[in-house]
Number of protein chains: 2
Amino acid sequence: MKSWIRYRSSNNRVGFGLLDELDQIHVHDADMFDTPISTGEILKVGDVVLLSPCQPGKIVALWNNFHALAAKIGKPVPLHPLFFIKPSTSVCATHVNIKRPKSYGGKIVYEGELGIVIGKRCSDVDPGDASHYIFGYTCVNDITAVELLNEDLNFAQWTRAKSFDTFGVLGPCIVPGFDWRAASVVTTLDGVERQNYPLSDMVFTPEQLVSHISRDMTLLPGDVIACGTSLGVGSIKDGSSVRVAIEGIGALFNRLI
Amino acid sequence: MKSWIRYRSSNNRVGFGLLDELDQIHVHDADMFDTPISTGEILKVGDVVLLSPCQPGKIVALWNNFHALAAKIGKPVPLHPLFFIKPSTSVCATHVNIKRPKSYGGKIVYEGELGIVIGKRCSDVDPGDASHYIFGYTCVNDITAVELLNEDLNFAQWTRAKSFDTFGVLGPCIVPGFDWRAASVVTTLDGVERQNYPLSDMVFTPEQLVSHISRDMTLLPGDVIACGTSLGVGSIKDGSSVRVAIEGIGALFNRLI
């Protein structure tokens, strides 16, 4: 299956293209989301640095979107998607270090997730039409400074805990037409498996998420919906590395420094 | 005092410039935040349509940032700014209608606020340096679908309640060097005064907000920090108009339809 990537080449040029099964990048030009044009140029993936595969204006990130997690934390399954926004400045590519904020010495956790990449501007979309607005799927590691969440008893600080630079890990690529129904999210910490949950356990499917959220705000090309995580969230020690993989998409690999 | 505005001219051209005391726009070119250049052209403000004075990538919006409001709701003054993000797509200019979401029949409230417009990329800024990153000040009406806030008892939906298109009213202009210490926010609903509170009652000053928030996320030119509201928040009936004014900046005027 072909996938879209963004890269920085050895001559410091930022570009994007289609990655094939032979690890060759078929360079494209113009707009990834609107009739990208092949330039004919081919690069080897080993010769470039991967960037985040898109540059979202916002990441809409879900809480409590898996039945198994809801059961474990003893909360009812929500009737409407529950979300917060991670800013564009939080975006981080694979193989880039996650940076501990200077102002925070507490526990930092990984959350492996499926990401939906929006392909077309959308508002008030019916569930039956939602798939037309999905460009493809990517992996997300929704990094969280978890001790900030309930630091103030009167206001859960979802935005603050999750908005630091490098806390929105996306990539390595975007796979159009990815069949999430049969896939699992597998997160390993220093090589030890910590999360392995089926995406079929989602409360709101990607199509339902796009429809619901598009009724709450306009989604733009490149925006990402992070579908929420499930069981196995845990903390990352400084110096440890975390890998979030979805078979059929690829893997994110990042170290916390 | 001169102020920056953005406009759409009669020939449908989008531009920006400095507004003088005679309601003349001194048109500028290039980047408002980085050495804007006067073109020499002068327009009359009556001949253009005002747009939002900037196009923030994000609006970072405060909760519980006034002593009087904290006392009224019986909550302690926070130790760190408490905030959520309103997306770029929520931005609305003065004299544009606020649109009731199709999916929501409940109460919609106004919240008159001071807005800080960021002028330079900033991260980890000391309070003493924060003023260098403030381009100027504007008025904000932080519109809220208030019944969504606590619709789910397990997750306060700040983002959802405040992110609908047209719910981030900004403008009418940006005033560099504005002295907020002596100013008040005055909100009128159908001509009747509903809010009139002094900005000197803020818990975290603009400089403190920029410093604290820049330690939580990178702020970019054009980003807006909405400083939070104080006493007198109330609902807007469909068809009613709301005006948020700060003397020395100007007034936002919008109708809910």
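**View 1. Pairing of strand E9 with strand E12 in chain A of the predicted model.** Strand E9, covering residues 108-110 of chain A, is joined to strand E12 of chain A by two bridges, and the two strands run in the antiparallel sense. Within this pairing, A:Val109 stands opposite A:Thr144, the latter belonging to strand E12 of chain A. The two strands are part of an open sheet of three strands in chain A, ordered E12-E9-E17 and paired in antiparallel fashion. The edges of this sheet are formed by strand E12 (144-145) and strand E17 (234-235) of chain A, each of which pairs on one side only.

View 2. Seven residues from domain 1 of chain A and 15 residues from domain 2 of chain A take part in the contact. On the side of domain 1 of chain A that touches domain 2 of chain A, strand E1 (residues 3-8) of chain A gives the most, with four residues. Sorted by class, that side of domain 1 of chain A has five nonpolar residues, one polar residue and one charged residue.

**View 3. Surroundings of the buried residues of helix H3 in chain B.** Helix H3 of chain B spans residues 206-216, and its buried residues are B:Pro206, B:Leu209, B:Val210, B:Ser211, B:Ile213, B:Ser214 and B:Asp216. Which elements do the buried residues of helix H3 of chain B pack against? From chain A there is helix H2 (158-162), while chain B itself supplies strand E6 (58-63), strand E7 (82-87), strand E10 (112-118), strand E11 (134-142) and strand E16 (224-226).

**View 4. The relation between chain A and chain B.** Chain B is superposed on chain A, with an RMSD of 0.0 Å, by a rotation of 180 degrees and a shift of 0.0 Å along the rotation axis. The two copies are therefore related as by a two-fold rotation axis. The same surface serves both copies, in that 100% of the contact residues of chain B recur in chain A.

**View 5. Confidence of the prediction for chain A and for the complex.** Chain A has an average pLDDT of 97, and 100% of the residues score at least 70. For the complex, the predictor gives an ipTM of 0.97 together with a pTM of 0.98.

Note on methods
Residues are numbered from 1 along each chain as its sequence is written. Chains are lettered from A and ligands numbered from 1 in the order in which they are written. This is a predicted model: local features need pLDDT of at least 70, side-chain atom pairs count only at pLDDT 80 or more; totals for chains, interfaces and linings use all residues. Two residues are in contact if their C-beta atoms, placed from the backbone, lie within 7 Å. Ala, Val, Leu, Ile, Met, Phe, Trp, Tyr, Cys and Pro count as nonpolar, Asp, Glu, Lys and Arg as charged, and the others, Gly among them, as polar. A residue is buried if 20 or more other C-beta atoms lie within 10 Å of its own, exposed if 12 or fewer, and partly exposed in between; C-beta atoms are placed from the backbone. Two strands pair if DSSP finds at least two bridges between them. Copies are superposed by least squares on the C-alpha atoms of residues with pLDDT of at least 70 in both. pLDDT is the predictor's confidence in each residue, from 0 to 100.
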